[in-house]
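Here's a quick briefing to read alongside the model. Keep the viewer open and follow along as you go.

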Amino acid sequence: MGEDRPLTPWWLEEAPQIEPEPALDGDLEVDVAVVGGGYTGLWAALALRELEPSARVAVLEGGLCGEGPSGRNGGFLHGYWSSLTRARRAFGDGGALAVAQAGSAIVPGVRDFVKRRGVDVWLREAPMLEVSAAPAQDEALSAAVASARELGVEEEAVPVGRDELAERCSSPRFRRGVLYRDAATVQPGRLVRALRAATLAEGVVLHERTPLVRLRRGSPNVVETPQGRVRAGKFHQNLRTLPVTIVGHRRIDSDAVFELEPGVLHHWAEKSVQLVCGLNFVHKKLLASGS
Ligand SMILES: Cc1cc2nc3c(=O)[nH]c(=O)nc-3n(C[C@H](O)[C@H](O)[C@H](O)COP(=O)(O)OP(=O)(O)OC[C@H]3O[C@@H](n4cnc5c(N)ncnc54)[C@H](O)[C@@H]3O)c2cc1C
């Protein structure tokens, strides 16, 4: 781990290589400016073009798309069934169920994206097994199973006893487990590169090495970058760059719409951001700070 070791994660080394898109040099006028080219920004740009093909959409990425966590994460796709107990505390039973059910659209959403775009992101759909390896961990697993049962969705968190667990993975440390059917894995670098390619194919203007240095809100909003400005009717700031928390949710037709506002980052915020990534893509409706 010497200092001269390249910082590029293996995921991005393995993924199809890219030529950086040019940095913004001059002024640009668009309908929507998206700041940040990770999953959130790229999904958002794609969703906007799908909703409104005539919309002029630009993504401004400070480095190269996917260089942040989107290109260097664990690659696990899983919604909120394993977090149901915490979700009930945060949102109440109805809210927790709505969050978890909406999250279940993430794996089919990625599956659909891969199929439609003809890309290989190493999508592997298989249940996720959570295990306890010490007595202190048993309770959390029991609570996950109980929450699912109490909300009438016991099939989302199925208990696995010691013998069955040993058949799946024979470790003397594993005491019991819970099986979540809503799960998959991807090669995260491939996914973010595929998203980047899709946004370009859909006519999104992408400027890399173009950090937002100042935002002047108004009508239009003006995004200032080192060598140019973007005037935009709407502005979508990549949520991960802001502390964001879900403050409420409601249903519009069959879609869950989550309302966000900047808040203190707490243990739910990280999950919330991921949830919004998925929802943004799957439900194509997002009421977010700054948008
Ligand atoms: C080690 C690790 C493992 C993880 N494992 C998983 C997992 O297995 N499953 C899972 O679902 N999630 C996982 N996550 C979380 C997941 O990676 C993130 O939730 C997700 O990548 C967030 O995407 P994003 O687009 O919101 O943010 P990012 O990927 O952070 O993208 C933000 C982008 O904005 C750009 N940017 C920032 N500031 C500016 C600016 N001023 N101007 C222009 N551009 C700017 C950055 O360069 C970056 O490219 C993991 C995260 C980490 C760190």
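Predicted model: local features only at pLDDT ≥ 70, side-chain atom pairs only at ≥ 80, totals over all residues.

The protein chain has 8 helices and 14 strands. Of its 291 residues, 39% count as buried.

- Take contacts in the protein chain between residues at least 6 apart in sequence: 72% of them join residues at least 24 apart.

**Helix α2 (residues 39-51)**
- Is α2 enclosed or left open by the rest of the structure? It's largely enclosed, because 10 of its 13 residues are buried.
- The buried residues in α2 are Y39, T40, G41, L42, W43, A44, A45, L46, L48 and R49.

**Helix α7 (residues 188-201)**
- α7 has 14 residues and reaches 20 Å from its first C-alpha to its last, close to the 20 Å expected at 1.5 Å a residue.
- This helix is largely enclosed by the rest of the structure too, since 10 of the 14 residues of α7 are buried.
- Buried here are P188, G189, R190, L191, V192, R193, A194, L195, R196 and T199.
- What covers those buried residues? The cover includes α1 (10-14), α2, β2 (57-60), α4 (106-117) and β9 (205-207).
- Just past the end of α7, G203 takes a positive phi of about 85°.

**How α2 and α7 pack**
- The axes of α2 and α7 lie 9 Å apart, and the helices pack at an angle of about 30°.
- Angles under 35 degrees count as roughly parallel, so α2 is roughly parallel to α7.
- The crossing of α2 past α7 is left-handed.
- Which residues meet across this pair? From α2 there are Y39, L42, W43, A45 and L46, and from α7 there are V192, L195, R196, A198 and T199.

**Sheet β5-β7-β6**
- This open sheet has 3 strands in the order β5-β7-β6, paired antiparallel.
- Its edge strands are β5 (128-132) and β6 (158-160), each pairing on one side only.
- From one strand to the next, the twist averages 25°.
- β6 pairs with β7 (residues 176-180) in the antiparallel sense over 3 bridges, and V160 stands opposite G177 in β7.
- Helix α5 (residues 135-150) packs on this sheet and touches β5, β6 and β7. The direction of α5 makes about 35° with that of β7.

**Sheet β3-β8-β4**
- The other open sheet also has 3 strands, in the order β3-β8-β4, and its pairing is antiparallel.
- At the edges sit β3 (76-77) and β4 (124-125), and each of them pairs on one side only.
- β3 and β8 (residues 184-185) are joined in the antiparallel sense over 2 bridges.
- Which residue in β8 is the bridge partner of F76? That's T185.

Notes. Residues numbered from 1 in each chain as written. Pairing = 2+ DSSP bridges. Helix = DSSP H or I, 4+ residues; strand = E, 2+ residues; numbered from the N terminus. Axes fitted to C-alpha atoms, helices over the stretch in contact; angles between N-to-C directions. Contact = placed C-beta atoms within 7 Å. Buried ≥ 20, exposed ≤ 12 C-beta atoms within 10 Å, placed from the backbone. Expected span 1.5 Å × (residues − 1). Parallel < 35°, antiparallel > 145°, perpendicular 65-115°, else oblique. Left-handed = near helix turned anticlockwise from the far one by under 90°.
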